Amino acid sequence: IRGIGQSDFAFNLEPGVGVYIDGVYYARAIGSVVDLLDLQQVEVLKGPQGTLFGRNTIGGALNITTRPPAETFGYQGELTTGRYNRTDLRGAVDVPIIDGVLLSQVAFSSKNRDGYHRRLNFPGTFVTDRGRFTGSGDEEFYSRQGNADTDTVRAKLHWLVNDSVDIMLSGDYSNTDEQAAPNTLIATFPNAPDPADGLLGFFHNTCISAPAGAVAPFCDAQRAVVGGALAGVNLDATNTNDRLVYGDQFLTGQRDRSYGAGPNFSKVEAKGASVTVNWAVNDRINFKSISAWRDIDTAFGTDVDGAPSVINDTSFEMDQEQFSQEFQLSGLALQGRMNWLLGLYYFQEDGILIDYPVFGGGLVQIFGPNDLDNEALAAFGHINYSFTDRFSVTAGLRFTREEKEFAGGQRDLNAFASFIGLPPAAFPDPTDFTLYFPPGTNRRTFNNLSPKIGFEYRVSERILTYVSYAEGFKSGGWTTRATLPILAAPEFDEETATTYELGWKSELANRRLRLNAAAFFTDYEDLQITVQRGLSPFFENAAQSEIKGVEVDFEWLASERLSLSGALGYLDAEYTELAAGAVLQDNFVFNNTPEHSYTLSADYDFPLRRGGVWNLRVDWAYRDEQANDAENTPQLFSDKVSLVNAALSYRNRDDTWELILGGTNLSDERYLVSGFRQPGAGVIDGNYSRPREWYLTFRFHGGD
């Protein structure tokens with residue numbers, strides 16, 4: 001949000017935008033359970049939200065609220081079919097168990113769709129070495145990528161204890177077993193002449209001399225490095241044991257085609273439970289308690305290099321468990337002129353992240369177990385005081401203390417560093433040439449005080465102006481991925497954001513027009529940037545920056561039949577200072593941050609004389625070009641994009657069912673969604689947007 005977010009899933013990194021569902025913080029965006037019919041509202045809260053929402057909300061917060069169980073029996077359902085054999089089923093049922101006392105609800109979803117990206121067989125006879133290296137899952141060759149296969153359920157019990165106390169119990173479970181995200185090889189550069197460009201790029205055309213007592217990988221200067229750890233050679237009279245040279249022959253020239261034959265899976269099992277207690281102590285004081293537990297088990301793998309050979313295959317597994325407890329005391333004071341809130345928050349998570357990247361036909365075979373434990377305590381307060389009916393002030397303060405522990409065990413099962421002549425003293429354990437990461441537990445503590453203050457002035461009953469100041473922070477940690485020996489765990493510090501904002505919110509034209517505008521300036525310091533150094537992505541506080549922007553959005557009921565809505569955004573994000581040795585440059589742009597963006601939607605109803613309504617909706621969205629990596633790799637810039645979606649629907653006379661025929665990306669715009677440059681392996685790859693698709697949805701509801 002506004003140029004601030006997260007570009008890596010790794011457990012040792014914190015998100016820049018917090019995700020909250022029914023008041024529960026989801027520390028890892030993976031496994032967020034939101035695609036259900038019990039959704040009530042979604043709030044996108046911009047800028048630092050450290051006072052009320054706390055940790056890791058320097059970009060803002062996504063606050064999602066689900067619907068409580070209804071007091072009467074009811075049901076709703078949705079069936080969808082579409083391109084690529086899409087079959088989606090969603091439903092929700094509300095059942096009162098004891099009228100007015102105990103209410104229940106179950107919501108479920110099943111999403112299934114074939115992948116649109118095809119993996120091709122590369123012609124010829126050769127050895128791929130598939131299945132010979134350690135990974136987080138099977139390497140079954142799926143001919144497609146980009147499918148959907150997710151099942152989700154959430155159940156709630158709402159106990160209305162008495163007129164002042166109610167308790168909500170919620171539990172959810174989600175299981176995903178899909179192919180990997182579509183991955184396309186964009187460019188290769190295997191003949192890098194400089195070792196600084198990456199070890200494997202250098203050794204693509206260089207033979208290796210092994211240290212005394214070690215077994216050297218074999219190579220053939222004409223055929224590049226071959227079968228590093230496997231002693232495979234291309235020197236005999238047969239081609240049945242030959243390894244392929246990596247290069248441009250693996251470029252398919254098509255966005256939805258690849259010669260990749262490696263890892264191709266994405267598996268997520270997420271489950272959680274929460275208990276929320278609301279107690280109206282008296283007419284002016286309320287107490288709330290939110291207790292929550294969550295658990296995520298994941299395994300995913302991708303063939304980055306887009307070739308049948310094992311040039312850059314990555315797979316990971318992450319198991320994370322978290323517990324949080326929040327207490328809130330809120331109320332009114334000073335004859336109702338002051339709303340106040342006090343809170344205490346506790347959060348704890350622990351888990352393990354294991355990396356399994358393999359490079360260069362097995363020359364480098366990483367096994368990287370990382371154990372992490374994070375604990376946070378916070379106390380916060382928030383008030384809104386009205387000096388007059390028009391003028392008010394909002395202020396808040398939050399103190400956070402985080403304690404982190406991390407133990408890394410990264411090692412190269414092929415001990416590649418020993419082959420290139422590194423002495424024993426360069427290794428964390430001079431007797432173990434496979435261990436690259438220093439053993440032991442690393443500990444860090446972060447303390448932060450985040451204030452917020454704002455002034456609001458009502459020009460009239462329906463026009464509100466405001467000015468605000470807010471601070472936020474995202475805690476630091478350690479770089480966990482090492483492909484050469486290191487003697488100390490590389491640390492990075494917290495990053496901070498300070499935002500000044502001036503805004504306007506209004507309802508005009510007899511409440512037929514809602515118009516909002518905001519201008520802001522953010523001083524964004526100590527950015528945690530992911531930079532590629534050889535084979536290893538390092539996380540570094542590489543820059544200071546400033547972000548300036550303007551946002552305008554509107555909703556207009558133009559007539560009883562026609563409604564329009566839209567928004568425009570302007571962002572000027574620039575680096576003002578770079579750390580010594582930073583890969584970034586002054587003229588680089590933020591990744592995933594377009595300068596201009598626009599949206600416009602039109603909704604038109606066609607009522608029928610005998611009942612029923614036809615509806616046509618058209619959505620248009622535009623955004624400027626943007627970079628997809630911090631280093632601004634030219635091949636990874638996404639062009640300007642203009643997207644159009646449309647849907648035609650019919651609602652019956654009693655408004656109990658609806659049929660919708662729609663299409664997404666009607667102009668079939670194909671653009672890079674994400675991308676990665678791996679200089680060590682000589683790979684540039686990316687994921688492209690989905691193609692044009694159609695869908696047909698039948699929606700219904702009923703009950704008492």
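**Note on the aromatic contacts**

1. Phe455 is partly exposed, its relative accessible area being 36%. This value, like the others in this note, is computed from a predicted model.

2. The structure as a whole holds 31 aromatic pairs. One of them joins Phe300 and Phe316, whose ring centres are 5.8 Å apart with 40° between the planes, a geometry that counts as tilted. Since Phe300 belongs to strand S17 (residues 285-303) and Phe316 to strand S18 (residues 312-333), this pair ties together parts that are 16 residues apart in sequence. Both Phe300 and Phe316 are buried.

3. The ring of Phe455 pairs with that of Phe391, the centres lying 6.2 Å apart. The planes of Phe391 and Phe455 are at 0°, which is under the limit of 30 degrees, and the pair is therefore stacked. Phe391 lies in strand S22 (residues 391-408) and Phe455 in strand S24 (residues 442-460), so that parts 64 residues apart in sequence are tied together by this pair. Phe391, with a relative accessible area of 31%, is partly exposed, and Phe455 at 36% is partly exposed as well.

4. One aromatic cluster is formed by Phe73, Tyr75, Trp614, Tyr650, Trp657, Phe698 and Phe700.

5. Two contacts of a charged side chain with a ring may also be noted. Arg2 lies over the face of Phe520, at 4.0 Å from the ring centre, while Lys267 lies over the face of Phe265, at 6.0 Å from the ring centre. For the contact of Lys267 with Phe265, the distance of 6.0 Å should be read beside the cut-off, which is within 6 Å of the ring centre.

Key: Residues numbered from 1 in each chain as written. Predicted model: local features only at pLDDT ≥ 70, side-chain atom pairs only at ≥ 80, totals over all residues. Heavy atoms only, no water. Phe/Tyr/Trp six-rings, centres within 6.5 Å; stacked < 30°, edge-to-face > 60°. Helix = DSSP H or I, 4+ residues; strand = E, 2+ residues; numbered from the N terminus. Buried < 20%, exposed > 50% of the residue type's maximum accessible area, 1.4 Å probe, protein only. Lys NZ or Arg CZ within 6 Å of the ring centre and 35° of its normal.
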